[in-house]
Amino acid sequence: MVSLRFTKGSVCKWTVGLIGAFIFLVTVKKLAIETKHDKEDALSRQDYEKSRIFKEGHDKKLLKKESDNEFINNEDPFKIPSDDILKKMTYEEITSLYHGYVDNVGVLCRNIVRLGKLKDGGWEVCHDQQYRPPNNCLVYSAGIKNDFSFDDAIAKQYGCEVHSFDPSMTQKSYRRSERVFFHRIGLSDVNVHIRANKTGWEMRTLGAIKQELGHAKRRVDVLKMDIEHWEWKVLPQAIASGFLDEVTTLDLELHSWIRNKTYIYEVPAKDYLEYLRTLRQLHQLGFRIFLTHKNLGSCQFRSRFGMMRTSCQEIAMVQTKMKTGM
């Protein structure tokens, strides 16, 4: 048996040695950590510098694009093709194209302003310098349903002269405020009186209304329409007549349903084709979506292809002046 005998001196030497070894290991580890952190800091500084250089270059490109009015989605991920191609598409392809197009933006607006109620009734304008309503702006707002929140707000914020239209209201035409005027008239593609209730509805084209109100030489800066499917009659006529040529902001609720005794939310292919033709014409005029919103509630439905969709889509568009061939 081996007997270990420790003297007081040897214990002290052994203890000092352990402490020294411990300090050495701690120092080495600390140096290693510091070296690692230095490398990480250096890499971080390099990454930061690369990021800064990239961001500066990217921002310059954005500013250049904005100055050239080129910040437009010209890649057209949901490009609406010619009628010849549309007619060869399957029903599933047509419905996907329509819902894809109205559910995506095509131009950047950095400053979107909501006017009116946060819920149904409010609408947006783009406050960017090239799109905001100018001084002495003129607004046509169709589809009121006793909610003037948007009309009152845009008149107050921008000083616009606002003309509100709705044939379904029982209220007679009147001057609501200094800048807001209500007309019990509806929009259509023809000038006609229809029997929609006891008194009937007076329907006018946008061009006829502009003439009747003495606005023939003025531009309509903002056109808002929430007119329960009548937009598909009004828009083609407004495009063909040139009414939309000088409109800057176009706020629309698009209703892709039809009513035949009951509501049909997923309409036949021929109806989707008409919707797409109208949207293509708007695109050709230079209109791009800067904000889009699904209106749910009773408008949502399950497509025969499995996904949930809505037949009521609110879109806000601006005239980018980037016109293409008609």
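Strand E3 (residues 138–142) and strand E10 (residues 222–225) run parallel and are joined by four bridges. Tyr-140 stands opposite Leu-223 in E10. Strands (E, at least two residues) and helices (H or I, at least four) are DSSP runs, numbered from the N terminus. Two strands pair if DSSP finds at least two bridges between them.

This is a predicted model: local features need pLDDT of at least 70, side-chain atom pairs count only at pLDDT 80 or more, and totals for chains, interfaces and linings use all residues. Residues are numbered from 1 along each chain as its sequence is written, and side-chain values use heavy atoms, with hydrogens and water left out.

**The sheets**

E3 and E10 belong to an open sheet of eight strands with mixed pairing. The order is E5-E6-E4-E3-E10-E11-E17-E14. Its edge strands, strand E5 (174–175) and E14, each pair on one side only.

| Strand pair | Sense | Bridges |
|---|---|---|
| E3 and E10 | parallel | four |
| E11 and E17 | antiparallel | seven |
| E14 and E17 | antiparallel | seven |
| E7 and E9 | parallel | two |

Thr-249 has Val-318 in E17 as its bridge partner. Lys-294 stands opposite Gln-313 in E17.

Another open sheet has three strands in the order E7-E9-E8, and its pairing is mixed. Here the edges are strand E7 (186–187) and strand E8 (192–194). Gly-186 stands opposite Met-203 in E9.

**Strand E17 and its cover**

How many of the residues of E17 are buried? Eight of its eight residues are. Buried means under 20% relative accessible area, exposed over 50%, and partly exposed in between (1.4 Å probe, protein chains only). In a regular strand the side chains alternate between the two faces of the sheet. Cys-312, Glu-314, Ala-316 and Val-318 point one way from E17. Gln-313, Ile-315, Met-317 and Gln-319 point the other way.

Helix H3 (residues 91–102) lies across E11, E14 and E17. It runs at about 95° to E14. Axes are lines fitted to C-alpha atoms, for helices over the stretch in contact, and angles run from 0 to 180 degrees between N-to-C directions.

Asp-251 sits in strand E11 (residues 249–255). It is buried yet has no salt bridge. A salt bridge is a side-chain nitrogen of Lys or Arg within 4 Å of a carboxyl oxygen of Asp or Glu. The nearest side chain of opposite charge is Arg-114, 8.2 Å away. Lys and Arg count as positive and Asp and Glu as negative; His and the chain ends are not counted. Leaving aside neighbours within four places in sequence, Asp-251 is in contact with residues including Trp-123, Phe-150, Leu-223 and Ile-315. Contact means heavy atoms within 4.5 Å.

Thr-248 lies in the loop between helix H6 (231–241) and E11. Thr-248 counts as buried because its relative accessible area is 12%.

**The nonpolar cores**

A nonpolar core is a set of buried Ala, Val, Leu, Ile, Met, Phe, Trp, Tyr and Cys residues joined through side-chain atoms within 4.5 Å. The largest one has 44 residues. Leu-244 and Leu-282 have the most contacts inside it. Helix H7 (residues 269–285) gives the most to this core, with seven residues. A second, separate core has 18 residues, among them Leu-115 and Phe-148.
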